[in-house]
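Open the model in your viewer and keep the selection panel handy. We'll go stop by stop, picking out elements and looking at what sits there.

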Amino acid sequence: MDVSEQLHENTQNIQENNQGTEARQVWNIDKSAELYRVSQWGHPYFSINAQGHVMVSPRGDNGSSIDLYELLQSLRKRNLELPLVVHFSDILHDRMERLHSAFSRAIAKYGYKGAYRGVFPVKCNNQRHFVKSVVEYGRDLHFGLEAGSKPELLIALSCLDTPGALLICNGYKDKAYMETAMLGSRLGKQVVIVLEQLDEVILAVKVAKRLGIKPVFGLRVKLSALSKGHWGGTVGTRAKFGLSIIDVHAAVEILRSHGMLDSLKLLHFHMGSQISSIANIKNALKEAGCIYVNLVKMGAPMGYLDVGGGLAVDYDGSRSDFYASKNYNTQNYANDVVAEINDCCALAKIDVPTIISESGRALSSHQAVLLFDVLGEGKISFGHIEPPAADAPHALRVLYEIYSEIGEDNYQEAFHDAVHYKKEASEAFQYGLLTLEQRAQADCLYWASCQRIQEIAGHLPDVPEDIGELESMFASIYYINLSVFRSAPDHWAIDQLFPIMPIHRLDEEPTVRATLADLTCDSDGKIDRFIAQKEDTSSLLEVHSLVPNASSAAEGPVGRGEHQPYCLGMFLCGAYQEIMGNLHNLFGETNAAYIEINPMGYSVKHIVRGETVGEVLGDVQYDAESLFENLRQQCETALLHGTIDLDKSQHLLNNFERGLGKYTYLTIE
């Protein structure tokens, strides 16, 4: 049997094996749900319907559902292009109700004599429509707001109109901050100024006396209890915010000396964001409870214990203490908070405080989905393999022999030989011993050999590490219409893991493994950490092949925009991402739509248009009119010198002028 016959037989065997595998494993939506772990991280809001589309149930199990792919088509008809953030306001409402109900059940279970009051930290998502929804949905639940800066304080003072609702004032404070907060307490809000440094205690006393206002103070304490994960280093004695135990004692004495100890009514601590282990929370609660009891014994009236944020989100659905998960649910959390504080106060025989939590991530993450399209695909490719000529360079002929003889019994040896002779061919090219055509032929043979080796290794249980890396080398790169720096900054900055999956075609088997590359001219502008079924994470995402348009397929190679639309969604991204995104490469804010369920189905309650090119240029101090005038003058000069004609000059100016009013992201026209 000659080489060509052997290759033909090998190809037939591979095809027959693939056909047999396909026959044994018929793909369905259940397999997609398992692959992307939708039921783990998405319950009860996200699922897959019979059409293979992602379904959104904004009220969980208690309301109607929306086909996300059909919603996207509807929004595009409203001239909202991708990328697009869709906010489901009813998910926010449901998250708030679930948190409040969990504490209500815990209070009833342990016979707790106090109450629970939730506050939402404005820093977590300070978009106007979002904050207004928090206030609106939180009225019946007596939800308040937390501000950590002067701008956030102004937002909270203006937007929070629930009588008696708490406004917790955290962060660094100057005289203006203190005055505004104290004066705002005269507007029917329960304003608590949390003092985090000793000099703030002194400043607060002076401002209160000058204004003649009796404020409500709180102290933020640094606990010795530690956490873990990305924010583990933000607690303990080296924490950025808070008073040490020594400082807490000093603060009490300062307030006592000025006759203002009766203003101290709150103790606050914060363990950091995304606390994945409930054990860390329990340890912190015990320590904070002891401090609270001692403050009461020192003469402070107290009344509030603010346990801060940290209630985690299960981004990967593993329900573990992995940094992107949590090993507890909301009810476990509420039970432990209530039980620990109850026990501590009972032991000391003092009244229990009103419990406050500042859960931001847990309330806001689920309500936002970032939708974006795939622009094109990049991958290693090589043409048809032809036998080299008899007088071809030695490396070329050996590479063809290696390629022709690869099998299960010698695939590892073949790989090492292929690596060696590819290097030899590269060096020969540098010395002028290979032509460009021959160098290309050598590279084709090398990659064809690697592909065959990778196919063989893919069916084997135990594969050497260097050959296992071939899978990533042959993975596709899907180019996405997105800036990671703008829309998913936490992925870039702190390796945050977000669920990412197609929002349609989920009744089809995804046959491509890919990383995602964004629009920016930055090597960090990529997404290469994804939820995995067995390991913690995977560097590749299972996606579907891009389907060429009928006309494009008939004409030859498929270019950008010549395939059928393929849309992906990034889920659980409603906390921090919109406000923390930056203008790298001048990609601006994305389009946003706020969706609300109603008896007729749903309505688009608010649309927020993404930034135009002109608006983004204004952000970096460029004036659009001046830019246009500069270009116009250059065109006039070019016309005088004859390097451009009038039609092309006007075409350029028209494009420039229209471009200033366009979305900063790519559109397929």
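Is the crossing of H7 and H8 left-handed or right-handed? It is left-handed, in the sense that the near helix is turned anticlockwise from the far one by less than a right angle. Before going on, note that this is a predicted model, where local features need pLDDT of at least 70, side-chain atom pairs count only at pLDDT 80 or more, and totals for chains, interfaces and linings use all residues. Residues are numbered from 1 along each chain as its sequence is written, and side-chain values use heavy atoms, with hydrogens and water left out.

**Stop 1: H7 and H8**

Select residues 150-159 for helix H7 and 175-184 for helix H8. Helices (H or I, at least four residues) and strands (E, at least two) are DSSP runs, numbered from the N terminus. The two axes come within 10 Å and cross at roughly 15°; axes are lines fitted to C-alpha atoms, for helices over the stretch in contact, and angles run from 0 to 180 degrees between N-to-C directions. H7 and H8 are therefore roughly parallel to each other (angles under 35 degrees count as roughly parallel, over 145 as roughly antiparallel, 65 to 115 as roughly perpendicular and the rest as oblique).

Now show side chains: Lys150, Leu153, Leu154 and Leu157 of H7 meet Ala176, Tyr177, Thr180, Ala181 and Gly184 of H8. Contact here means heavy atoms within 4.5 Å. By class, the H7 contact with H8 has 6 nonpolar, 2 polar and 1 charged residues (Ala, Val, Leu, Ile, Met, Phe, Trp, Tyr, Cys and Pro count as nonpolar, Asp, Glu, Lys and Arg as charged, and the others, Gly among them, as polar).

**Stop 2: H14 and H15**

Jump to 394-404 (H14) and 411-430 (H15), whose axes come within 9 Å and cross at roughly 160°. That makes H14 roughly antiparallel to H15. This crossing is left-handed too. Residues at the contact include Val398, Leu399 and Ile402 of H14 and Ala414, Ala418 and Tyr421 of H15.

**Stop 3: the barrel**

Next, pick out the strands E5-E6-E7-E8-E9-E10-E11-E12: in that order, these 8 close into a barrel with parallel pairing. Two strands pair if DSSP finds at least two bridges between them. Neighbouring strands are turned by 25° against each other on average, direction ignored.

Zoom in on E10 (264-268) and E11 (304-306), which pair in the parallel sense over 3 bridges. Histidine 268 stands opposite aspartate 306 in E11.

**Stop 4: two other strand groups**

Select E1, E2 and E3, an open antiparallel sheet in that order. Its edge strands are E1 (46-48) and E3 (66-67). Phenylalanine 46 stands opposite valine 56 in E2.

Then try E16 (512-517): 4 bridges join it to E14 (476-480), running parallel. E16 also pairs in the antiparallel sense with E20 (541-543) over 3 bridges, and with E17 (526-527) over 2 bridges.

**Last stop: colour by pLDDT**

The chain averages a pLDDT of 92, and 92% of the residues score at least 70; pLDDT is the predictor's confidence in each residue, from 0 to 100. Residues 1-8 are below 50, with 8 contacts beyond near neighbours in sequence. Residues 16-24 stay under 50 as well, with 0 contacts beyond four places in sequence.
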